[in-house]
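Open the model in your viewer and keep the selection panel at hand.

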Amino acid sequence: MSLDLPYSQGGEFVDLPHDIRLRRIYPEGEDYDLSARTVLNVGPSHPAMHGTIRMVVELDGETIVGCDVIPGYLHRGFEKECEAHTYHQAIPYTDRLNYCSPLINNFAWVETVEKMFGVEVPRRTQLIRMYLSEVSRITDHLTCIGAALMEVGALTPFLWMIEVRDWYWEHICRVTGARLTQTYARIGGLARDVTDEWLDRCEQINSEHLVKTLRDVHVLVDHNRIFIDRMRGVGVVSQKDAISYGVTGPMLRSTGVGLDCRKYAPYELYEEVSFDVPIGKYGDNYDRYFVRMREMEESMKICRQLDPLIRATNGEEIKVDDSRVSLPPKSEVYSNIEALMNHFKLIMEGQRPPQGECYHAVEGGNGELGFYIVSDGTGRPYKARCRPPSFVNMGSAHLQLLGAQVADIVPIFGQINMIGGECDR
Amino acid sequence: MSDSLSTALAAVLQGLGDKVLSYHSQFGDDTIVVASADRLDAARYLFETPELNFDLLMDSTAVDWDQEEPRFEVVDHFFSTSHHYRLRLKCRVEEDSSVPSLCALYGSANWMERETYDMYGIEFEGHHDLRRILLYPEFRGWPLRKDYDKLQAWPLFEARYPGIREQEDKIIHPNPGDQEPMHEP
């Protein structure tokens, strides 16, 4: 079957046993002997396929001339589970979507529910959410770049970056109580308040550890011949292809499209802070590396702007005063019947948003992370859909893989930054 | 239903005319509903009209309204990279009928429609690669349908590579007494 698609690279589908369907290309101008081609299986359990994804590639020498990307090895029924739980109980499930930046998922989920309720969370809550989102974005990019560099042979930056990431995670642990699965957001507020000392230390990590590490990594790899050879011109996606394949986030920005959800559809209080949206030029792996490195600096800039704003709201309430959404204070629960009943209803039946449907998107580490919730007026979502940036970005992988070398699989995959938990849900 | 329509929704309603069966903008999301046969045509209009230019298919999924008729609702979220508009396009599908695929317009429709097929069993007409994507090919049933019991036992299926397991067992737990040579000498 020949392909007649808008922007794909053409070619045809070839069926192999066990439900594998290769998308195969025939490079022009050369006479290829099909019998000389090798089919190679990469993954799902392969050191370079961090996360679990399987690729079946057809090789001609070292050139990839056919591929099938098979996700789903980490599928655990996120959407089905959400339908069986209350909105509040679904928060821990969102932690496990993109486990490199769980707080962004947390906040995206609760903000979608808050949007349905029409409640406005207090200013301090929004500022803290933004602050923690930016810190999470930094940890996400540190993981992505660290791992991607390690896979092309630079182990040292990986160790540096993971060390900084751990400073952040340990510090986040002090406010959320967990390093990885934080479950820190609450519908209408936050689980705990942050202190000034916490902000001091976070700024210290920014200025002492992150700044130094970013500088060191730039010095070590930016002009490194091996690194440039592996990254420059590898995994190129054109602007048109990227948009057609729904690519968002750093991958889209590396092609030169300056789209950032925080800019075009500001949520929380992103209108109040100033930051740049770094964009690339060629849409290759090298640009993706640079866009992510620059984004960490921008996130740090946002954190520094938020710091005084959070301090200025010290002592303010961090949850919305609305009995449909927030649990009453414990002292009330133990002393009067209305609060006790309210607590009981919210825990047993859950928050009950009005009937309808709502889509809310935030800028996640890898692109636009959206939640689409359909409510039937009960305490459980009728339908909860996560728009996973990793999954959609991964859908464009064949554009980069076909025609590349077999050794390019690893850097291409590293810079797509597929997170298994989010891709497979 | 809001009193004042957003620019995008007003333009869409004017352009698509009778094709729009109903519309609303709840929680700030503009939504139009079309007949399932019009899905591709409506999307093409949204994509190709310069003042709308919905060139990015953000999300495509479905909702199972098992008590209603037609049963399924295919929901697409579009985004315009030049105007930053958002629009939700919905259409209702019968259980055993198919709906036109958006693959001819959007590359991202490929994987997302495969996922919808995988989870709901909705067939997409004109999709060139409609296979299961998150679940394995031997899986039976459509897990996100409301009548799928999530506690049921997963059906067993035959090994994909018959014989390999026995060979592995022999390698891992060799029994010198009855072991046969792996290769001819």
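Leaving aside its neighbours within four places in sequence, which residues is Tyr106(B) in contact with? Select Tyr106(B): Ser244(A), Ala43(B), Phe47(B), Phe54(B), Asp55(B), Leu56(B), Leu57(B) and Phe78(B) are in contact with Tyr106(B), where contact means heavy atoms within 4.5 Å.

This is a predicted model, in which local features need pLDDT of at least 70, side-chain atom pairs count only at pLDDT 80 or more, and totals for chains, interfaces and linings use all residues. Residues are numbered from 1 along each chain as its sequence is written, chains are lettered from A and ligands numbered from 1 in the order in which they are written, and side-chain values use heavy atoms, with hydrogens and water left out.

Next, select Trp109(A), Met394(A) and Ile32(B) along with Tyr106(B): these have the most contacts inside the largest nonpolar core, which has 168 residues. A nonpolar core is a set of buried (under 20% relative accessible area, 1.4 Å probe, protein chains only) Ala, Val, Leu, Ile, Met, Phe, Trp, Tyr and Cys residues joined through side-chain atoms within 4.5 Å. Helix α4 (residues 123–151) of chain A gives the most to this core, with 10 residues; helices are DSSP runs of H or I, at least four residues, numbered from the N terminus. Domain 1 (13–71) and domain 2 (78–387) of chain A each supply at least three residues to this core. A second, separate core of 5 residues includes Val14(A), Leu22(A), Val56(A) and Ile70(A).

Finally, colour chain A by domain, with bounds from an automatic or database domain assignment. The C-alpha centres of domain 1 and domain 2 of chain A lie 35 Å apart.

Technical notes
Buried means under 20% relative accessible area, exposed over 50%, partly exposed in between (1.4 Å probe, protein chains only). Helices (H or I, at least four residues) and strands (E, at least two) are DSSP runs, numbered from the N terminus.
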